[in-house]
Amino acid sequence: MSKVFELWDEIGGAFGPSGREDAVREAIAAIAGAYIDDITTDALGNLICRKKGSGKKLLFAAHMDSIGVVANYIDEKGFIRFSQVGGLFYGDLINITVRFANGTRGVISYEEKTPFKELTLDGLFIDIGARDRASAEALVQVGDFAVFDAPRFEQNGVLCGPYLDDRIGCVALLLALEQLADVQTDNDLYFVFTAQEEVGLRGAGAAAFAVEPAVAVAVDVTDTGDLPEQKAPMAVALGKGPAIKVMDRSVICTPAVCAALEQAGADCGIATQREILRFGGTDTAALQRTRAGVQVGAVSIPTRYIHSPSEMCAVSDVEQAATLLARFAQL
Ligand code: CO
Ligand code: ZN
């Protein structure tokens, strides 16, 4: 089993939908603590880890929060209706298991009378096996959040399970920190584990406002174009190296930062891919628009089935992303 898997299993398994990142933050702080000089949590819940230096300020960010659901109504039969926390594809949700913070598990299913193609969130419910509203409310209350509850495994050099997005970015940052443990650099390094990315990049901007970095780099997952009969071509593939984001729907990265990230990869003998994501966004966009503007780049882990309970990425891409980031931190 790889170290990447062990770290991901630990912080990926921590409960942390958007706005409820506490357990993830604690797990990350416990690991990062050994490698940094200073650690703070701001009012939004961002975890800001600093490795002090007298030189330029570099900020690295990965988001701690995951997508999930939140109970918003419990009917008289004990079925729970829910709202979405972040982007969900309804087809991914049928008859899967979710887990609430207190460990209560439930199955998401749907009203059969609605034709499958016309399904919306209103046609879905969570079944926790309750007899009635009172027995449901003994375990789950309106306002309680739940996350995907599915196994994590490593096989054939890939990782699979819920919440690579973006706990695997957190893992890449932790591995980079470890590599920097004995390195001498003047750079003032901030490793920021952000809150509430999945609901609209809400945490990262506040953290960057506080840090005032010269350059910021976000680490997150991106799609791949390597599956059978896909709708649109995409140049990114699993296992071909970390992807350097050129643009997505939320951001156009700073060309000089893209070039420096590619150079950092080349310096370490790591092949990189160029990423253009036609939809979606990452913390990169929020970091870029802080104060008078920040130079930004992004390193992406190519990932299949994003936002499903069975995301998949290559171990080697994560290891190489960490090495590239550690190198970039010294430039
Ligand atoms: Co996401
Ligand atoms: Zn993400």
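Modeller: In this predicted model, Asp-188 and Arg-50 form a salt bridge, with 2.8 Å between the closest N and O atoms. The two residues come from distant parts of the chain: Asp-188 belongs to strand β12 (residues 188–194) and Arg-50 to strand β2 (residues 47–51), a separation of 138 residues. Their cover can be stated for each partner. Asp-188 has a relative accessibility of 3% and therefore counts as buried. Arg-50 has a relative accessible area of 22%, so Arg-50 is classed as partly exposed. The cut-off matters here, because buried means under 20% relative accessible area.

A further pair is Glu-111 with Arg-81, where the closest N and O atoms are 2.9 Å apart. Glu-111 is partly exposed, its relative accessible area being 28%. Arg-81 counts as partly exposed at 22% relative accessibility.

Lys-245 and Glu-275 make another salt bridge through their side chains, at 2.7 Å from N to O. Lys-245 is in strand β14 (residues 243–247) and Glu-275 is in strand β15 (residues 273–276); the pair links distant parts of the chain, 30 residues apart. Lys-245 is buried, because its relative accessibility is 0%. Glu-275 also has a relative accessible area of 0%, so Glu-275 is buried.

Salt bridges can also share partners: Arg-99, Arg-105 and Asp-149 are joined into one network in this way. Over the whole structure, the search finds 13 salt bridges; those described above are among them.

Strand β14, which holds Lys-245, also contains Met-247. Met-247 has a relative accessible area of 34% and is therefore partly exposed. Together with Ile-252 and Ile-276, Met-247 forms a nonpolar patch on the surface, and the three residues have about 280 Å² of accessible area together.

Technical notes. Residues are numbered from 1 along each chain as its sequence is written. Chains are lettered from A and ligands numbered from 1 in the order in which they are written. This is a predicted model: local features need pLDDT of at least 70, side-chain atom pairs count only at pLDDT 80 or more; totals for chains, interfaces and linings use all residues. Side-chain values use heavy atoms; hydrogens and water are left out. A salt bridge is a side-chain nitrogen of Lys or Arg within 4 Å of a carboxyl oxygen of Asp or Glu. Helices (H or I, at least four residues) and strands (E, at least two) are DSSP runs, numbered from the N terminus. Buried means under 20% relative accessible area, exposed over 50%, partly exposed in between (1.4 Å probe, protein chains only). Patches are made of residues with over 30% relative accessible area and no salt bridge: like charges are joined within 9 Å, nonpolar side chains (Val, Leu, Ile, Met, Phe, Trp, Tyr) within 5 Å. Accessible areas come from the Shrake-Rupley method with a 1.4 Å probe; for residues, only the protein chains shown count as cover.
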